[in-house]
Amino acid sequence: MEDFHWTKLFNPEFYITMEVGGIPIGIYMVLFIVFAETGLFAGFFLPGDSLLFLSGIYSRELVQTFFYIPSDFSNVTILSLLIASAATLGNMFGYWFGARSGQFLYKKEDSFFFKKKYLLQSQDFFQRHGGKAIIYARFLPIVRTFVPIIAGIVHMKKTKFMFYNVLSSLMWSFFLVFAGHYLYGMFLDELGIDLKEHIEKIILILIGVTTFPLVMKAIKSRNSNANQTT
């Protein structure tokens, strides 16, 4: 058995292919992580977008945990719906927590799992975009962890929140899972490239793409503050 190293915790493939006693539990790990990103406020270190993309590549193996379906399209669709459901529930829990005791986070000290600056950045993001921030945040690491909480803190109308919550969860899961599955097939059939052999590169690319907006926002904010002080 290959020795475990803590760096595997940041590799989505580790969770997708996980087994316990020879029994695959990847699908349960994927759904739990998607829920935990917003429901348990663990978006600081858990893989999100890369997890969904790779889940699309492993869609058949994941869905087979429950039942065998020969149709690729059906497998990807079912997986996307399951992930969207977990994402929706996670956001609902985040909203509930924000509405009940979210103000507590503003007094909480920083830790490995919690950084107050991310909460403040998400608040600013929500204030600038309103309800649509829930959709935008779904595609932004870290921000998506706190935006549902902010929505609860400001007591956003529940029906409005649920509309954006369900819509954003469906868009996020279907886009990334389908992209992972069909890009894998295209690269394999047209170029003879097995993306499973380039997982590390894929993860780095996805991290770069998803964090780029946050980096640009930080640079823009820093420049704006510098101009105000001069």
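How many helices and strands does the chain have? There are 10 helices and 2 strands, taken as DSSP runs (helices H or I, at least four residues; strands E, at least two) and numbered from the N terminus. Their order from the N terminus is α-β-β-α-α-α-α-α-α-α-α-α.

This is a predicted model, where local features need pLDDT of at least 70, side-chain atom pairs count only at pLDDT 80 or more, and totals for chains, interfaces and linings use all residues. Residues are numbered from 1 along each chain as its sequence is written, and side-chain values use heavy atoms, without hydrogens or water.

Of the 230 residues, 44% are buried, meaning under 20% relative accessible area with a 1.4 Å probe, protein chains only.

The largest nonpolar core holds 33 residues, and V34 and I83 touch the most other members. Such a core is a set of buried Ala, Val, Leu, Ile, Met, Phe, Trp, Tyr and Cys residues joined through side-chain atoms within 4.5 Å. Leaving aside neighbours within four places in sequence, V34 contacts L51, L52, I83, A86, A87 and W172. A second, separate core has 24 residues, among them F41, Y118, V147 and I150.

Finally, G90. This residue sits in helix α5, residues 72–101. G90 counts as buried because its relative accessibility is 0%. Beyond residues up to four places away in sequence, G90 touches F35, T38 and G39. I33 is 57 residues from G90 in sequence, yet their C-alpha atoms are 9.6 Å apart.

Terms used
Buried means under 20% relative accessible area, exposed over 50%, partly exposed in between (1.4 Å probe, protein chains only). Contact means heavy atoms within 4.5 Å.
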